[in-house]
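This report concerns the sequence and the model shown below.

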Amino acid sequence: TSKKQTLRTLFHATALPPPVIPKTSLSQRKLLAYHRSKEQQEKINQILIDRALGAYYKTMDETDKDETAPPVTELPSTVRKYFFIKPLKILSFQADYLFLKKCVQSNPVVPIQQQWLRSMLAKVPQSLMESRDRELLTEDLLKEIVRDYEKSMQRCVLRRALIKPDIEELNKLEEEAPLPSLPLGLDFSSTWRNSYITAKKQIISTLQILHPTMRTLLDFGYTAFFNFLVVDFSSSRLKGPVDCKSFKTDASLSCSKAEDEIMSTWYQRVIGLFTQSEALDGVKLDQLESFYNCVAVLMSNQLKELLQRTTEVFVKLFDPEDRSHLPLFKMNLTFDENRMEFYPSLQDLEEAILFVVDCIGQTLQNIPTIRAWLMGGTATLDAELPAHTIQWANSSLKKSIRDNLEGPKDHFKGYVESYGWLVDGTAEERINRFVAEQPSFDEYT
């Protein structure tokens, strides 16, 4: 072999130290990293110097080399700045990032919920669940789901906790596929599309509410009912106190008068609308029944809204917090058969007020449908108040009546406490006992 040595043979091949995989706790790894920082830094510096010197001598022209000159162990400042400082920073960032990445990945991941697994497993076709290898298929499926979930959670936590340095060597070292994305424009969660399209076509072909005649019918109802009430006692307080019998009579007359007015105005306009041939333009013969059913439902809803609004306005009159429209009732304090009481009784007063709600609910209940009127049938519109509305009105009125009668009850209680002993036999018993004792003249006086 030749004794001649080149500058290239002075430096051995270098390699990065193997990555350190700590098996201790996080606090212990931090402590060990602190103690080993100087040693690691010296190794990294030596490796960088070796690489930089090799690159420096490689760039030199070999004809200018002085083989007898001692080897150069210090680089020029310009070469050191390019070959040493910059790689040192890169390797430092890379080592720090890899260390922090292992620390983050060592943290436990929130386990997947069992409810999610059951929901996913429920989407497996029943034919696969009934197969011979059902248990193996189910186990493999769940393992794959858990594995993908934990991997995704680790990547998500890592991306949220650390910012990856923009280093080309690090990108080559960590080659990971991008996160999977769902297909755009497709939804396999449920098979609703075919049924939706079928229902949509059926609705478009049979939805009679879109007919122009229905819009005219809506206009008639709005014009007739927007400012109309079947019973209106808002000005009853201005008329002074009324007795319960007159109150019930006024309610009955008002409901009867309102029904006659509706039948002579709104209902007659509706009849006139459907006696014209243009009202059925575009309606096929097999769609007449559904068309008239739609008319009946629309008219019923308008009448129900009128009755419900009237009930709400009447209940609001008895609001204890606003007594500006509270009706006044005539109550007499009577004495009969050694008993003092109100006439009419408080129960009769409550029945008279609740009677108005019943009277409103019984109004407009015998109006014929348009088809029955045209063809001589007996069907009537469904204008009955909902049960929950009647229940709400009765309970609200009972509470308001009870609150508003606290004053008369206290007044009556004061009379009984002050003068009840005069009429209940107590005074007479005391007198008889006094006479039976045969008192003296002074005691009599």
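In this predicted model, a nonpolar patch on the surface is formed by Leu 333, Tyr 415, Val 416, Tyr 419, Trp 421 and Leu 422, which together have about 530 Å² of accessible area. Patch members have over 30% relative accessible area and no salt bridge; nonpolar side chains (Val, Leu, Ile, Met, Phe, Trp, Tyr) are joined within 5 Å, and like charges within 9 Å. Helix H15 supplies the largest share of the patch, 5 residues. Leu 422 is found in H15 and is partly exposed, because its relative accessibility is 47%. On this scale, buried means under 20% relative accessible area, exposed means over 50%, and partly exposed lies in between (1.4 Å probe, protein chains only).

Helix H15 comprises 18 residues, 406–423; at 1.5 Å a residue it should span 26 Å, and the 24 Å between its end C-alpha atoms agrees with this. The expected span is 1.5 Å times one less than the number of residues. Helices (H or I, at least four residues) and strands (E, at least two) are DSSP runs numbered from the N terminus. H15 has a kink of about 45 degrees centred on Glu 417, where the bend is the angle between axes fitted to the seven residues ending at a residue and the seven starting there. Gly 425 follows H15 and has a positive phi, near 95 degrees.

The model and its conventions require two remarks. Residues are numbered from 1 along each chain as its sequence is written, and side-chain values use heavy atoms, with hydrogens and water left out. Because the model is predicted, local features need pLDDT of at least 70 and side-chain atom pairs count only at pLDDT 80 or more, whereas totals for chains, interfaces and linings use all residues.

The protein chain contains 4 salt bridges, each defined as a side-chain nitrogen of Lys or Arg within 4 Å of a carboxyl oxygen of Asp or Glu. Among them are the following.

| Salt bridge | N to O distance |
|---|---|
| Glu 139 and Lys 143 | 3.1 Å |
| Lys 304 and Asp 382 | 3.3 Å |
| Arg 309 and Glu 305 | 3.3 Å |

Lys 304 lies in helix H11 (residues 288–316) and Asp 382 in the loop between helix H13 (370–375) and helix H14 (387–404), so this pair ties together parts that are 78 residues apart in sequence. Lys 304 is partly exposed at 23% relative accessible area, and Asp 382 is partly exposed at 44%.

Arg 309 and Glu 305 are 4 residues apart in helix H11, about one helical turn. Glu 139 and Lys 143 are likewise 4 residues apart, in helix H5 (residues 134–161). An α-helix has 3.6 residues a turn, so residues three or four places apart point the same way.

Helix H11 also holds Gln 302, which is buried, with a relative accessible area of 10%. Leaving aside residues up to four places away in sequence, Gln 302 touches Leu 217, Leu 218, Gly 221, Phe 225 and Trp 266; contact means heavy atoms within 4.5 Å.

Overall, the protein chain has 17 helices and 2 strands. Of its 445 residues, 26% are buried.

Methods
Accessible areas come from the Shrake-Rupley method with a 1.4 Å probe; for residues, only the protein chains shown count as cover.
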